[in-house]
Amino acid sequence: MKNRIFKYIIGVFVISTSLVSCSLDTSPTDAVEESKVFTTTADNEKVLTGAWGQLMESFYTYANPGYGAFLRAGDAMGSDVVLNGRYGFRDHYAFKALYGRGGTNTHSWELTYNTINNVNHVIAKVDAAEGSVNDKKRIKGQALALRGFMYLHLASNYSFSIDVNPNALTAPIYLEPTTINSSPKALASVSELYNQAIKDLEEALSLIPDTQTYKRGNAKDKIDQEVVLGLLSRATLYARDWEKAKKYSDALLAINSYLMTEEEYKDGFNDASNKEWIWGHQQTPNQSDASYQFNFLDVTSKESFYFSFNADPYFREMFEEEDYRKKMIYWAPDPANDKPKEGDEAYMRYAKFKFKAGQIADIVLMRTSEIYLINAEAKAQLGDGDALNRLNALKVARGASQVSGLQGKDLLEAIWIERRKELFGEGFSLVDIIRNQQSVVRKSYPQTKRVPFSYEVLDSNGKVNIVTVNLLPLGHRILNFPDQSDFVPNSKYYLFRVPLVEERENGNI
């Protein structure tokens with residue numbers, strides 16, 4: 001079995017016993033003794049903070065900053081994002097990246113198991129640390145929640161929907177810290193992965209104090225009961241346990257049901273202090289690697305480099321005219337092209353994500369709007385009439401009209417469409433396609449009719465003149481899989497894959 005050295009710098013500490021599944025670590029010469037890393041509850045919390053920072057900030061390539069890379073990959077492979085073809089996630093958009101097992105695919109496996117191993121150390125050692133019982137319980141609960149989050153990632157991205165084949169072998173489960181003498185695990189089934197994720201999250205819920213006792217303040221990256229309830233809502237929905245999804249989402253909405261205003265919605269989805277954000281990764285000028293993702297997401301600011309994640313023109317047609325989100329989607333050239341010429345390219349720009357000053361931006365991981373939609377979907381599956389109320393509450397908050405009389409499949413379809421509209425760019429596209437056994441849907445946009453675009457110029461006398469040019473409208477250009485077959489449900493091209501190195505080195509796979 002091949003040995004690798006992985007150094008986890010956590011404050012001034014280095015964990016010296018980490019591994020990526022079977023890729024075992026040897027002890028680096030600058031590592032401190034493990035017993036000293038976990039002496040106090042404060043030390044354990046530093047390890048947990050470091051594990052989170054590594055998960056969210058680690059680069060694999062410039063297109064892959066941390067966990068957000070997997071969210072961006074999921075949207076690039078969906079129906080509603082049109083990449084401009086020049087920068088970032090091009091192979092994902094063309095369904096070559098994950099199937100080819102390189103780049104993001106390898107990054108996902110390594111980063112997920114690095115995180116699992118780091119939190120396994122905390123789970124195993126915090127009880128013996130110096131510190132209060134309450135702190136031990138909270139920190140252990142937060143570590144369990146993060147582990148559950150990682151197993152949810154594996155279950156929902158490495159296998160088809162649980163009801164396709166609940167026994168489908170997917171990824172290993174590790175529940176203890178690994179050492180140089182540890183043996184690699186065999187693949188667990190998708191149902192076992194979901195069960196483990198839910199078990200971890202339910203235990204975390206019992207350990208982390210309520211939001212009145214444990215106050216994280218503006219530190220939205222910290223896991224509190226709201227985050228755990230949200231993850232449980234998400235995990236049980238994906239696992240098709242409608243009763244639990246209803247229960248946990250109801251519990252969360254009883255604590256926090258805030259939906260942002262139109263003004264807040266248009267602020268740029270870059271600030272975790274937004275009251276609708278339940279969970280987010282915050283950025284500062286000194287810790288801003290994850291902000292790099294906004295170079296793909298921000299398609300309307302000159303400060304952005306790539307302007308990659310544009311909207312499908314047909315996506316805009318899903319919105320009602322009075323829905324203020326529709327007014328945020330429009331034809332425009334690249335923001336750097338401030339004086340476009342006749343025939344220049346135009347994409348459908350969605351002005352949802354915008355850099356803050358200094359090219360930093362917080363990364364959204366969970367909002368109450370998602371919980372409204374989870375609650376609506378679970379209740380629709382159960383035939384609960386409150387499903388329509390939850391859906392309408394979100395639609396009204398976005399300026400859209402209420403719907404009535406929907407039930408059964410029609411109601412579910414309306415909820416799934418609303419998920420696409422509301423959660424655009426937040427990483428849910430491919431997971432929703434997989435779990436609902438749907439197909440990617442893309443069609444070409446006709447270029448026979450140019451789209452007008454107007455801008456202001458000053459003449460030599462300082463007078464403002466309006467110039468209007470006709471631009472070439474661009475939509476989807478990848479309309480099938482790499483083998484030229486049509487998009488279908490349950491395609492092999494949708495899934496993250498076990499890396500080749502893992503297959504070679506793990507004799508239990």
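# Strand pairs and helix pairs in a predicted model

In strand 14, Val451 has Leu471 as its bridge partner. This is a predicted model, where local features need pLDDT of at least 70, side-chain atom pairs count only at pLDDT 80 or more, and totals for chains, interfaces and linings use all residues. Residues are numbered from 1 along each chain as its sequence is written, and side-chain values use heavy atoms, with hydrogens and water left out. Helices (H or I, at least four residues) and strands (E, at least two) are DSSP runs, numbered from the N terminus.

**Strands**

- Strand 13 (residues 451-458) pairs with strand 14 in the antiparallel sense, over eight bridges. Two strands pair if DSSP finds at least two bridges between them.
- These two strands form a hairpin with five residues between them. Gly462, in the turn, has a positive phi of about 80°.
- Strand 11 (residues 345-350) runs parallel to strand 14 (residues 464-474), and three bridges join them. Glu345 stands opposite Leu472 of strand 14.

**Helix 2 and helix 5**

- Helix 2 (residues 41-57) packs on helix 5 (residues 104-125) at about 170°, with axes 10 Å apart. Axes are lines fitted to C-alpha atoms, for helices over the stretch in contact, and angles run from 0 to 180 degrees between N-to-C directions.
- The two helices are therefore roughly antiparallel (angles over 145 degrees).
- Helix 2 brings residues including Val47, Leu48 and Leu55 to the contact, and helix 5 brings residues including Leu111, Val119 and Val122. Contact means heavy atoms within 4.5 Å.
- The contact residues divide into seven nonpolar, five polar and one charged. Ala, Val, Leu, Ile, Met, Phe, Trp, Tyr, Cys and Pro count as nonpolar, Asp, Glu, Lys and Arg as charged, and the others, Gly among them, as polar.

**Helix 13 and helix 15**

- The axes of helix 13 (residues 368-382) and helix 15 (residues 408-422) come within 10 Å and cross at roughly 165°. That makes helix 13 roughly antiparallel to helix 15.
- Residues making the contact include Leu373, Ile374 and Glu377 of helix 13, and Ile415, Trp416 and Arg419 of helix 15.
- Eight of the contact residues are nonpolar, two are polar and five are charged.

**A span from the record**

- UniProt lists residues 102-237 as "domain: SusD-like N-terminal", in an unreviewed entry.
- In the model, this span is 57% helix and 4% strand. The end C-alpha atoms of residues 102-237 lie 30 Å apart.

Note on methods:
Angles under 35 degrees count as roughly parallel, over 145 as roughly antiparallel, 65 to 115 as roughly perpendicular and the rest as oblique. UniProt positions are given in the numbering used here, feature names are shortened, and annotations may be inferred rather than shown by experiment.
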